[in-house]
Amino acid sequence: AAAPDWLRPLRKCAILPKAAKAPIRLVTWTVDDTVPMGEALAEIKAKRPDLVVLVGTDDKTIGTELSEAMGGEVKFLPYGNGITAAVRGSFQYCEGNVDHWVIHMPAAFDGDAQAFLTFPHIEHVGVMPLMILRADRPHSVVDLPDWTQRLSRTTDIVASAVQMLGPSRMLLVGDFQAPGTSQALTRPLHQSGLQSIPTPPNWPRRVAGLPFLPVHAMDHMWAGSSWHPQRARTMDSGDQVRSPLIVDLTPIEAHAR
């Protein structure tokens, strides 16, 4: 699979002239927007993150709350159940007047799966390419074989885009809809130049409304060679089925592009 032609001129946006100057703190969380997030959201804000990605909601109230707490911009991506991205800084424009780009992914139903590319600028750190993935989900037991093929094609497309843009400073997060132990899922991303950030299981935290011991990491974090990840950990999820994931990333000064 190949990245879309429109990604080609964006490659110079990802090859940035200056290395990141300081560590960053990244949070990613796939949520059910019908379930309250109050206490968990308060804990996220208390951790003082630099980047927050919420997959599954584009609630303006939640986004504004994050933006005010972080002192930066928020972006709402109204696809499917929506995505909210907040940064302690701003989202940069590249190639005109657009500050995010969409890659539609294989899905059983149109609009169910996408990847989004943005270039957040974090104050006192710099600009980096951020890709947010929401992969397609299986719709039934009968759909499982086709879903496996769709997921494989999705990671091939993402890997191709990462290679074209340059993986060194790339951050990739989101809802992969499958555990990170799948070789078919992870092999293309490793080959693209990204490193998987080991994360603890974050799903399911609740089953039938009752607390449950999570068994899989369904949300993933990936980073280019310019980043050294510290230990990723989960945070309180309240009544949500998945837990937020948080990680600190330290820039590596000497790295190969």
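Predicted model: local features only at pLDDT ≥ 70, side-chain atom pairs only at ≥ 80, totals over all residues.

**Entry 1: helix H3.** Which residues of H3 are buried? I found Ile62, Gly63, Leu66, Ser67 and Met70. They span an arc of only 135° around the axis, so they sit on the same side of H3. What do the buried residues of H3 pack against? My list reads H2, E2, strand E3 (74–77) and strand E4 (83–87).

**Entry 2: helix H2.** In H2 (residues 38–46), the buried residues are Ala40, Leu41 and Ile44. Their arc around the axis is only 100°, which puts them on the same side of H2. Gly38, Glu39 and Ala46 are exposed on the other side of H2. The buried residues of H2 pack against strand E1 (24–30), strand E2 (51–55) and helix H3 (60–70). I also looked at what follows H2, and noted Arg48 with a positive phi, near 55°.

Entry 3: Val35 lies in the loop between E1 and H2. What does Val35 touch, once residues up to four places away in sequence are set aside? The contacts are Asp239 and Gln240. I took a distance as well: Val35 and Val241 are 206 residues apart in sequence, yet their C-alpha atoms are 9.2 Å apart.

Entry 4: Asp239 sits in the loop between strand E17 (233–234) and strand E18 (245–251). Its relative accessible area is 48%, so I filed Asp239 as partly exposed. Leaving out neighbours within four places in sequence, Asp239 is in contact with Val35 and Arg206. Asp239 and Ala40 are 199 residues apart along the chain, with 9.0 Å between their C-alpha atoms. Ala40 was already in my notes as one of the buried residues of H2.

**Entry 5: H4 against H5.** How do helix H4 (residues 144–165) and helix H5 (residues 183–191) pack? I read an angle of about 10°, with the axes 8 Å apart. Angles under 35 degrees count as roughly parallel, and H4 and H5 are therefore roughly parallel to each other. On the H4 side I listed Leu151, Thr155, Asp156, Val158, Ala159 and Gln163, which meet Ala184, Leu185, Pro188, Leu189 and Gln191 in H5. By class, that contact has seven nonpolar, three polar and one charged residues.

**Entry 6: the whole protein.** To finish, I stepped back. The protein has five helices and 18 strands. Buried residues make up 51% of its 257 residues. Among contacts between residues at least 6 apart in sequence, 67% join residues at least 24 apart. The C-alpha atoms fill a box of roughly 50 × 40 × 35 Å along the principal axes. With 257 residues, a compact globule would have a radius of gyration near 18 Å, and the 17 Å of the protein agrees.

Notes:
Residues numbered from 1 in each chain as written. Heavy atoms only, no water. Axes fitted to C-alpha atoms, helices over the stretch in contact; angles between N-to-C directions. Helix = DSSP H or I, 4+ residues; strand = E, 2+ residues; numbered from the N terminus. Parallel < 35°, antiparallel > 145°, perpendicular 65-115°, else oblique. Contact = heavy atoms within 4.5 Å. Nonpolar A, V, L, I, M, F, W, Y, C, P; charged D, E, K, R; others polar. Buried < 20%, exposed > 50% of the residue type's maximum accessible area, 1.4 Å probe, protein only. Arc of directions from axis to C-beta. Rg over C-alpha atoms; globule rule 2.2 N^0.38 Å.
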